[in-house]
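Student: I am new to this structure. Could you take me through it step by step?

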Amino acid sequence: MDLRQRPRRLRRDDFRDLVSETSLSPNDLIAPVFVDATTDERAPIPSMPGHERVPVREAVNRVEEVLETGVETIILFGIPESKDENGSRAWAENGVVQRATRDITRETDAAVITDVCMCEYTDHGHCGILEDDARESPTLTVDNDATLDRLARIAVSHAESGADMVAPSSMTDGMVSAIRDALDEHAYEDVPIMSYAVKYESAFYGPFRDAADGAPAFGDRRHYQMDPANTREALHEAAIDAEQGADVLMVKPALAYLDVISAVREEFDHPVAAYNVSGEYAMLHAAAEKGWLDLDDVAHESLLSIKRAGADLIFTYFAEAIASTLSE
Ligand code: PBG
């Protein structure tokens, strides 16, 4: 055979790494941590094998376990001791995330990102303050503008507790501006905002809603989260958040939206984050449990594909497991 081009030449083990275009590092990974104010014991999350809700007094231990794997950044989610219509425990000085953030930043070297949203704190489970007639109206539920001031308060309370970065996830129009103004006003101009700029109304969040108790009690999130059919709208959303001062732009979920990650990467020079969500984690685990897939291999391949699509950093429930294999 007279073949000039033989791509196989470089696929030998000795060259494979040398010519690889993408790689994973523990530095790119962010581990989600769930802190639960309703319990004194660590409790496994059934739909997310290997993950737990931990009481506040265990938050530091939990984060130290993450650090041992080589992952240095966590995102904190809180389950409050009580919920009300206004989600008021979300900005309480002695709230669950505020207490955990103080402990973690005082006692560990982890960088702490906090999720800024209301769905875990409202008794109705929506990501904001409700319209007056929301319970009767299936289409319009959250009062966008009334929610902005709450989100700003939550972000400031997280910064006051020592959060290194805040990550608003409620898809409220104007949220980045409102939070940036409030942080600056309170002299937190150095606290960056990672915006969940492009967040789809996805069926892949199911296990998280069990983990964080944040499922809406009625209605759905279609009027604030994005339609999975849209890509141009993703660029529009990202442009709005960039314009309002977002420091990092996130796309969520990740695996079913690799084209969107790639489009956002092309269009913006901001760091791009992707959230490899709970359902994406649960489905690989479920298949591995049945012996149908090799978990480490599919997890590694999935995260690599998210990097290849253009994400600089990845929120993933695989962070600890993959970081451990990378440092072996
Ligand atoms: C909202 C929030 C959610 C997730 C992260 N932040 C839930 C939602 O929008 O329903 C989902 C993460 C996941 O599924 O892993 N506070």
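Tutor: Let us begin with the core. Ile74, Ile179 and Ile261 touch the most other members of the largest nonpolar core, which has 99 residues. Such a core is a set of buried Ala, Val, Leu, Ile, Met, Phe, Trp, Tyr and Cys residues joined through C-beta atoms within 7 Å. Helix H4 (residues 144-160) supplies the largest share of this core, 7 residues. The model is a predicted one: local features need pLDDT of at least 70, side-chain atom pairs count only at pLDDT 80 or more, and totals for chains, interfaces and linings use all residues. Residues are numbered from 1 along each chain as its sequence is written.

Student: What do "buried" and "helix" stand for here?

Tutor: A residue is buried if 20 or more other C-beta atoms lie within 10 Å of its own, exposed if 12 or fewer, and partly exposed in between, with C-beta atoms placed from the backbone. Helices (H or I, at least four residues) and strands (E, at least two) are DSSP runs, numbered from the N terminus.

Student: Which residues is Ile74 in contact with?

Tutor: Leaving aside neighbours within four places in sequence, Ile74 is in contact with Ile30, Ala31, Val33, Val63, Val66, Ala110, Val112 and Ile113. Contact requires that the C-beta atoms of two residues, placed from the backbone, lie within 7 Å.

Student: Let us turn to the ligand. Which residues are around the ligand?

Tutor: They are Asp115, Cys117, Cys119, Ser169, Tyr205, Phe208, Arg209, Gly214, Val277 and Ser278. A residue is near a molecule or strand if its C-beta atom, placed from the backbone, lies within 6 Å of it. By class, this shell has 5 nonpolar, 3 polar and 2 charged residues. Ala, Val, Leu, Ile, Met, Phe, Trp, Tyr, Cys and Pro count as nonpolar, Asp, Glu, Lys and Arg as charged, and the others, Gly among them, as polar.

Student: Where does UniProt place the feature "binding site"?

Tutor: An unreviewed UniProt entry places one such feature at Ser278 and Tyr317. Although spread over 40 residues of sequence, they cluster in space, with a largest C-alpha distance of 7.2 Å. UniProt positions are given in the numbering used here, feature names are shortened, and annotations may be inferred rather than shown by experiment.

Student: Is Ser278 buried or exposed?

Tutor: Ser278 counts as buried because it has 24 C-beta neighbours inside 10 Å. It is found in helix H9 (residues 278-289). Leaving aside neighbours within four places in sequence, its contacts include Tyr205, Phe208 and Tyr317.

Student: And where does Tyr317 lie?

Tutor: Tyr317 lies in the loop between strand E10 (313-316) and helix H11 (319-326). With 25 C-beta neighbours inside 10 Å, Tyr317 counts as buried. Beyond four places in sequence, Tyr317 is in contact with Pro32, Met48, His51, Ser278 and Tyr281.

Student: Which arginines does the "binding site" annotation cover?

Tutor: The unreviewed UniProt entry covers Arg209 and Arg221 with that annotation. Arg209 is in helix H6 (residues 206-211), and is partly exposed because 17 other C-beta atoms lie within 10 Å. Arg221 is in the loop between H6 and H7, and counts as buried, with 21 C-beta neighbours inside 10 Å. Not counting residues up to four places away in sequence, Arg209 touches Gly214 and Ala215, while Arg221 touches Cys127, Glu201 and Pro216.

Student: A change of topic: why is strand E7 largely enclosed?

Tutor: Strand E7 (residues 194-199) is largely enclosed by the rest of the structure because 6 of its 6 residues are buried. It runs parallel to strand E8 (residues 248-252), and 4 bridges join the two. Two strands pair if DSSP finds at least two bridges between them. The bridge partner of Lys199 in E8 is Lys252.

Student: What kind of peptide bond joins Lys252 and Pro253?

Tutor: It is a cis peptide bond, with omega of about -10°. Pro253 is in the loop between E8 and helix H8 (258-267). Most residues other than glycine have a negative phi, and most peptide bonds are trans.

Student: Which residues have a positive phi without being glycine?

Tutor: Among them are Met171, at about 55°, and Ala187, at about 65°. Met171 counts as buried, with 25 C-beta neighbours inside 10 Å, whereas Ala187 counts as exposed, with 9.
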